[in-house]
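Have the model open beside you as you read.

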Amino acid sequence: MCGRYAASRSPEDLAGVFEIEKWDPEETLAPDWNVAPTKEVHAVLDRPLKDAGDPRPVRQLRRLRWGLVPSWSKTPEGGARMINARAETVHEKPSYRRAFASRRCILPADGYFEWVTGSAERDLEVEGKRKRPRKQPYFVTPADGSVFAMAGLYEFWRDRTLPDEHPAAWWVTCSVITTEAETAPLGTAPEEGPRALADIHPRMPLMLTPDRWDAWLDPSRTNAEELRPLLEPPPTGLMRAYPVSTAVSNVRNNGPELLKELPAPEEGTLF
């Protein structure tokens, strides 16, 4: 699952990493260390420029809303629930299959947050001594400090209650594709805590390594069976995970301090 992530890279930095040809300074987003569903996020995509008269796809950095709204949806209310698409079924689910065929994107991130309930906390819950067990957040990020390129989909939705010229007549929304979390040892594991990503959560965002970026973004590739190999998980051992402050659990908190590594899980070891 991916329910919260951090994205602090500047458009200039992302342009260099992803070889972006076009981005509008007016669409620049401020660094966000606590990206939550329904927020606007940066996405990398290949698409012809509007009204350019040139059918050639251009690599762009665009601003999208996190929470996919299918083009056929009557209302946008369900977007907040469609923040993730499963890699195993994305090619066949009605909400995602059309976007998977031709509207794929990369959602750049520093990493993502996931919450763990410790064994002692779970025992208390089972015994009925604590109804809402405390959870420890972890930040999962590439071990080498590179950009975490999350596989994503995007979709266009037309608000029929607004006239064509209205700036909010069209919504462009996106979803993060997730896969099974790695069970292999972490590339850099904390001294105390999870030894594998699957110890934190059974799902994780699908990270695209640079050798897959061009094929993933290419809108001319529309055959689902030919695209599915791109959904294979990357090599193991590329990620590290460490505990961070529970302040990240409140979406109103936002700042680089949320990514500060704690020496150990707060209030004792969780594993």
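A residue is called buried when its relative accessible area is under 20%, exposed when over 50%, and partly exposed in between, using a 1.4 Å probe and protein chains only. This is a predicted model, in which local features need pLDDT of at least 70 and side-chain atom pairs count only at pLDDT 80 or more, while totals for chains, interfaces and linings use all residues. Residues are numbered from 1 along each chain as its sequence is written, and side-chain values use heavy atoms, leaving out hydrogens and water.

Let's begin inside. In soluble globular proteins, nonpolar side chains tend to be buried together. A nonpolar core here is a set of buried Ala, Val, Leu, Ile, Met, Phe, Trp, Tyr and Cys residues joined through side-chain atoms within 4.5 Å. The largest such core has 30 residues, and Tyr5, Trp66, Leu107, Tyr112, Met150 and Leu197 touch the most other members. Several strands each supply at least two residues of this core, including E5 (58-66), E7 (104-109) and E10 (148-158). Helices (H or I, at least four residues) and strands (E, at least two) are DSSP runs, numbered from the N terminus. Apart from this core lies another, of 29 residues, among them Phe18, Tyr96, Ala149 and Trp216.

Now turn to helix H1, residues 11-18, where Pro11, Leu14, Ala15 and Phe18 are buried. Seen down the helix axis, these buried residues fall within an arc of 105° (taken from the directions from the axis to the C-beta atoms), so they line one face of H1. They pack against strands E2, E4, E5, E7 and E10 and helix H4. The face turned away carries the exposed residues Glu12 and Gly16. Just after H1, Glu19 takes a positive phi of about 55°.

Finally, look at the charges. The structure holds 13 salt bridges, each a side-chain nitrogen of Lys or Arg within 4 Å of a carboxyl oxygen of Asp or Glu. In one of them, Arg56 pairs with Glu21, with the closest N and O atoms 3.3 Å apart. Arg56 sits in the loop between E4 and E5 and Glu21 in the loop between H1 and E2, so the pair ties together parts that are 35 residues apart in sequence. Glu21 is partly exposed at 48% relative accessible area, and Arg56 is also partly exposed, at 41%.

Arg203 and Glu88 form another salt bridge, with their closest N and O atoms 2.9 Å apart. Here Arg203 is buried at 10% relative accessibility, whereas Glu88 is partly exposed at 32%.

Notes: Contact = heavy atoms within 4.5 Å.
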